[in-house]
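Please look through the structure shown below, and then read the report that follows it step by step.

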Amino acid sequence: MTAAVSAHHAPVRGIRRWLYTTNHKDIGTMYLVFSLAMFFIGGSMALVIRSELFEPGLQMVEPEFFNQMTTMHGLIMVFGAVMPAFVGLANWMIPLMIGAPDMALPRLNNFSFWVLPFAFTMMLSTLLMDGGGPNFGWTFYAPLSTTYAPPSVTYFIFSIHMAGISSILGAINIIVTIMNMRAPGMTYMKMPLFVWTWLITAFLLVAVMPVLAGTVTMMLTDIHFGTSFFSAGGGGDPLLFQHLFWFFGHPEVYIMILPAFGIISQIVPTFSRKPLFGYASMVYATASIALLSFTVWAHHMFLVGLPLAAELFFMYATMLISVPTGVKVFNWVATMFKGSISFETPMLFSIAFIVLFTIGGFSGLMLAIAPADFQYHDTYFVVAHFHYVLVPGAIFSIFAAVYYWLPKWTGHMYSELLGKCHFWCSFIGVNLTFFPMHFVGLAGMPRRVPDYSLQFADFNMISSIGAALFGLSQLIFLVTVVRCVLVGRAAPDSPWEGAQGLEWTVASPAPYHTFSKPPLVE
Amino acid sequence: MTKVVKQTLRLMLISLGMFAFGFALVPLYDVFCDITGLNGKVDLQQSEQTVLVDVDREVTVQLITVANASMPWRFEALQHQVSFHPGEDVKAVFRVQNLTDMKMVGQAIPSVSPAEGARYLHKIQCFCFERQTLEANEVRDMVVFFTVDPELPESIHKLSLSYTLFDMTPVDAVSSR
């Protein structure tokens, strides 16, 4: 009996701990480590792209391989890096933030994670197959991804299926946890915003990931079983693919940014030493962004020949999203206003997030103007836009979250000097990489090309230098995290002066089992 | 059943429902296009002949032919445009030639531009209602009878009727070549 009890209270040793674990902290750690590995793989692909684009002409790679790199970079970063990182943070933090002992469905949690390494091994293995990996862009438009796809496309389809199953099950687990496992007294409107944004994100995942699964299933039957969902000759419609894909794809971009909003809403009040300004409006803004995200998908398709009424509808609906997003930005600024702010690494990343995400939001507003989009569509301006919302947006928020909660996870402080080095190198690198892309895009440089006209040469060289800086500075992040785990000085239970929330009431490092007895909230 | 299990099952049902909804969108988009007349899709069904002719105005229909990139047939309209009164029946002839030395099957898919005009163009008889099988190097003239509804909005004077020809030769026929 004593053996059973102690086995219940301490993790088993060795690989079995990680294979069989149902502990939310272990699974959260595995998600985060997996996502970091994918971040480096996807990042290396970005560096292949940028080194080919360093100068005009073809020098480093074949155009066919270049296409595989752009495609895989997008797929790996979206499905392998950003989404699992947020799920990892959710696993670690949601039970701690709502005072729950674990996730509601711990075994499902284990399954959700362990599907991922197999999905991405399969996806990456396509690069070694005859005909190469996916080369049709991360949006895999039919018929490029059906009639003209390399034979490895079937592996790609199954890996998307698997990643989708993992996300859906993870999302279901998060919803059920938040709805059932909150500590007594923690009403919905007392939940930390990270929990709120994740609850809404999880509903988005449950709603749209199955549509993506349906879309790739249609591709599968078009390719192998003679159906004609997307082939005009058989009575189908290639445009249908784009409608289906973006019906998933637009909510997907909010899946990648709503949890980031939650993280920033945790960190900014801490380091401003003030409560968050406009908590309720933040919740409603998040919910309205999520609802509006279902009504804007065709703004990715302004050039396919939509009728005027549709162009106008999707243009106005898209612009409408900037209202709740603006509410958030103003709330963060109002939170900082007259606060006693200190600039530790998480706060630096958060402030950079607010500024740079807003720039990305503004370029999104420019793209939303249908008549102007006729000029910008499929140029580097679009690349600049979505990298501004995803890199200094989603990725910076993940960095901020890691620095913020690392003392709680490891029980050690990271080196503030290294953290600040990482921040400033990343900040300069990101802007150097992506800001010039606005200019080449407005001047007409198309995206997804391995070669370009001479007049784009200087800005592309600057972008490539910035990419090298940004890429290499992620090694500082790796060193900082590893040093923190191994040799960081001990962290107090609540290392940040202004931090509020249940996660800071448990010991640092967080014990393997926390909140076995639920805490009482107010 | 506990509340957690019930909720989990309900959420799984929702995701299965959304999977099905993805497939339901396929006909739903078509229904939406039918009702609103968007997308320039033309009915692949025979329509009734109209009796009314609007002699006060004339409409021009341009005939455009495209052989899809993977379709080795010559495909041309013998007449590149026709002008007539809305309501009149018009005949247009298209010539196809199989340029290969194998038997092949083709399917022409029509599209009308501007999309607002698509629902006013009625086909009484069309080669696009069925697949065309051509022997090696065979030449064939194909006919479409169509009319434009007198209800056509005044603002539209010109319509383009475009056909794209797709290779629909069965795959097993290809492998037995």
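A residue is called buried if 20 or more other C-beta atoms lie within 10 Å of its own, exposed if 12 or fewer, and partly exposed in between, with C-beta atoms placed from the backbone. This is a predicted model, in which local features need pLDDT of at least 70 and side-chain atom pairs count only at pLDDT 80 or more, while totals for chains, interfaces and linings use all residues. Residues are numbered from 1 along each chain as its sequence is written, and chains are lettered from A and ligands numbered from 1 in the order in which they are written.

Helices (H or I, at least four residues) and strands (E, at least two) are DSSP runs, numbered from the N terminus. In helix α5 of chain A, the buried residues are A:Asn109, A:Asn110, A:Ser112, A:Phe113, A:Leu116, A:Ala119, A:Phe120 and A:Met123. Among the elements that cover them, through contacts (C-beta atoms within 7 Å, placed from the backbone), are α3 (24-52), α4 (63-98) and α6 (153-180) of chain A.

In chain B, strands pair if DSSP finds at least two bridges between them, and strand β8 (residues 139-148) takes part in both pairings below.

| Strand paired with β8(B) | Sense | Bridges | One pair of opposite residues |
|---|---|---|---|
| β6(B) (residues 121-126) | antiparallel | five bridges | B:His122 and B:Thr147 |

The domain assignment, whose bounds come from an automatic or database source, gives chain B domain 1 (1-36) and domain 2 (59-175), and the centres of these domains, taken over C-alpha atoms, are 38 Å apart.

How values were computed
Two residues are in contact if their C-beta atoms, placed from the backbone, lie within 7 Å.
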